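Me: Please take a close look at the ligand site. Then place it among the other parts you can describe.

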Amino acid sequence: MKLDKIPPVRDVFSSKMGVIAAAAGSAVGLGNIWKFPYITGVYGGAAFLFVYLGFIALIGLPIMLSEFMIGRKSRSNVFGAFKNLAPNSPWKYVGLLGVAAAVMILSFYGVVAGWSIDYIVKSVTDSFASKSPAELGSMFTQFIEKPGLPIFYQLLFMLMTMAIVIIGVKDGIEKYAKILMPVLIVIIIILDIRAITLDGAKEGLYFLFHPDFSKLTADGVLSALGHAFFSLSLGMGTLITYGSYIGNQNNLAKIALQVTVADTLIAILAGIAIFPAVFAFGIEPSSGPGLVFITLPNVFQQMPGGFFFSILFFLLLTVAALTSSISILEVVVAYFREELKIKRTLATILATVMISIVGVFCSLSMGLFKEQTLFGLNLFDLLDWISANMLLPLGGLFISLFIGWYWGRKSIEEELAKGSKLSRGLITAFIFVLKFIAPGAIAIVFLNGLGVF
Ligand code: PHE
C-alpha cells in the first residue's frame with residue numbers, strides 16, 4: 001500500500017510556518033506556564049528542572065521526531081497510524097492508549113483553562129488591587145472550590161475548543177497561534193524583569209537554578225519524565241496526528257528541534273517570572289496547582305501598568321491553552337472520524353460532550369468531592385498523574401520501540417530523506433537512542449517511580 005500520497009479528503013498544513021505554529025501551539029500551553037512552575041515547586045526546584053531538561057533533550061526530542069515521522073508516513077489518526085504501518089499486529093492498541101490519555105488530559109486541562117478565563121474577568125474588574133498575598137491565596141482557593149462559576153468557565157472553554165476543531169485544521173489552528181504566541185513571550189519577559197528586580201528575588205533564582213540533587217525523589221524523577229512528555233505534547237499521538245497533516249517537503253528534524261527549544265525556553269521564562277516573586281511575597285513554593293494564580297497577581301500589583309498586563313497575560317494564557325486543547329481534542333476527533341467513520345462535526349461534538357462530563361467531575365473534585373480520593377489523590381490530580389506519569393511515558397516507550405526496532409534503519413532513512421538531510425552519524429545516534437536509551441530510561445524511571453525497585 002502506498003501511504004505517503006495525501007488522500008484528497010485529508011487536511012494538510014498550508015505552509016512551513018503553519019506547521020511550526022501549530023506544533024508549537026500544541027506544545028506551549030498550561031503545561032509551561034501553570035504546571036511547570038507548580039511541580040518544580042513541589043519537587044524542590046533546580047534539581048527537578050535539570051532532570052527535566054535532561055529528559056527533554058535525550059528522550060523528548062527523538063520521540064517528537066518519531067511521532068512526526070509516524071504521522072506523516074501513515075497519514076492517519078493515532079490508532080489508524082499504527083494499524084496502517086503495522087497491519088494485523090497489536091501495535092494499534094498504542095493508539096488506543098493515546099486516545100485514552102487525550103480524554104483524561106483534556107478533562108482536567110479544561111478546568112485550569114476555565115480558571116484562567118475567570119482570572120481575565122478578575123483582572124478586568126481590578127479584583128487583585130491592594131490585596132495581601134494571603135488574601136490572593138484564599139481568593140483562589142475559595143474560587144476553585146465553588147461548584148458553579150469554575151464549571152461555567154470550563155464549559156465555555158470546551159465550547160471554544162469544540163468550535164475551533166469543527167472549523168478544521170487549516171483555518172482553525174494555524175492563524176491565531178502565529179500572531180499571539182510571540183506576544184505572550186514578550187509579556188512573560190516583561191514579567192521576568194519585574195520579578196527579578198523585586199526585593200528578595202535572589203532566593204527564587206537560587207531555588208530555580210541551584211540544584212540540590214539530594215532532594216530528588218523517585219516520584220520527582222518520574223514526574224520530570226512525565227512532564228517532559230506532557231509539555232512537548234508527546235506520547236499520545238498529538239504530534240502523530242499533526243504529523244499526518246505535514247507535507248513531504250518539510251524538514252521534520254528541524255521542526256522538532258525548533259518546537260522543543262521554544263517550548264523549553266517558555267517554561268524556563270515562566271519559572272523566572274514565578275519563583276523570584278514566590279520568595280519575595282513569602283508564598284510557599286510547594287503550594288500546588290494555585291501557584292501561578294496566586295503569585296502573579298502579586299507581581300501585577302507591583303508593576304506599572306499591572307492592571308493592563310494582567311488582563312493581557314490571562315487572555316493570552318487562555319489562548320495558549322486553546323491552541324493546546326484543540327490539539328488534544330483533535331486526537332480523539334481524528335480517531336472517531338476515521339475509525340467510526342462519522343463526520344467531523346459529529347465526532348467533535350461527541351468527543352467534547354464526553355470529555356466535558358468527566359471534566360465537570362474534575363472541577364467538583366476541588367471542592368464538593370474533595371474527600372473522594374484514590375491513593376490520596378482527588379479526581380483532578382488522579383487523572384493528571386495517570387495520564388502524565390503513566391500513559392504518556394508508556395506511549396513514548398512504545399513509540400520509541402516502534403521506530404527503533406519495528407521500522408528499522410531503511411524506513412527511517414527514507415522518511416527522513418524527505419525534506420531534510422541528516423548525516424549518517426546523526427541517524428545512527430537517533431536510532432541508538434530510540435532502540436536502547438529512551439526505552440531503557442523510561443522503563444527504569446517508570447518502575448522506580450512506582451516503587452518496584
Ligand atoms: N503540551 C501542552 C501544554 O504544555 C499540553 C498537552 C499535553 C497537549 C499532551 C497535547 C498533548 O500545555
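Reply: Helices (H or I, at least four residues) and strands (E, at least two) are DSSP runs, numbered from the N terminus. This is a predicted model, in which local features need pLDDT of at least 70, side-chain atom pairs count only at pLDDT 80 or more, and totals for chains, interfaces and linings use all residues. Residues are numbered from 1 along each chain as its sequence is written, and side-chain values use heavy atoms, leaving out hydrogens and water.

Tyr-109 supplies a polar side-chain atom, which lies 2.4 Å from an oxygen atom of the ligand. Ala-27 takes part through its backbone, with an N or O atom 2.9 Å from a ligand oxygen. Leu-30 also takes part through a polar backbone atom, and here the separation from an oxygen atom of the ligand is 3.1 Å. The ligand taken alone exposes 330 Å², and the protein buries 100% of that area (Shrake-Rupley method, 1.4 Å probe).

The backbone of Ser-233 has a positive phi of about 60°, although the residue is not a glycine. Most residues other than glycine have a negative phi. Arg-75 is another non-glycine residue with a positive phi, near 50°. Arg-75 is found in the loop between α3 (46-74) and α4 (78-85), and it counts as buried because its relative accessibility is 4%.

Leu-65 belongs to helix α3. With 7% relative accessibility, Leu-65 is therefore classed as buried. Apart from neighbours within four places in sequence, Leu-65 is in contact (heavy atoms within 4.5 Å) with Leu-252, Ala-253, Ala-256, Leu-416 and Phe-430. Phe-313 is a residue at a distance from Leu-65: the two are 248 residues apart in sequence and 31 Å apart in space, C-alpha to C-alpha.

Leu-416, one of the contacts of Leu-65, falls within the residue range of α16 (379-417). Helix α16 has 39 residues, for which a straight helix would span 57 Å at 1.5 Å a residue (the expected span is 1.5 Å times one less than the number of residues). The end C-alpha atoms of α16 span only 45 Å. A kink of about 105° is centred on Gly-408 (the angle between axes fitted to the seven residues ending at a residue and the seven starting there). After α16 comes Gly-419, with a positive phi near 80°.

Most of α14 is covered, with 26 of its 34 residues buried. Lys-341 follows α14 and has a positive phi near 55°.

Val-124 lies in helix α5 (residues 92-124) and touches Phe-307 and Ile-311, residues up to four places away in sequence being left out. The C-alpha atoms of Val-124 and Phe-308 are 8.3 Å apart, although 184 residues separate the two in sequence. At 47% relative accessibility, Val-124 counts as partly exposed.

Gly-449 lies in helix α17 (residues 424-449). Its relative accessibility of 19% is why Gly-449 counts as buried. Ala-218 and Leu-222 are touched by Gly-449, again without counting residues up to four places away. Between Gly-449 and Asn-389 the sequence separation is 60 residues, and the C-alpha distance is 9.0 Å.

Asn-298, in helix α13 (residues 291-301), counts as buried because its relative accessibility is 1%. Beyond four places in sequence, the residues that Asn-298 touches are Ser-132, Pro-133, Leu-136, Phe-281 and Ile-283.

Definitions and conventions
Buried means under 20% relative accessible area, exposed over 50%, partly exposed in between (1.4 Å probe, protein chains only). A polar contact is a pair of N or O atoms within 3.5 Å; within protein, one must be able to donate a hydrogen and the other to accept it, and residues adjacent in sequence count only if both atoms are side-chain atoms.
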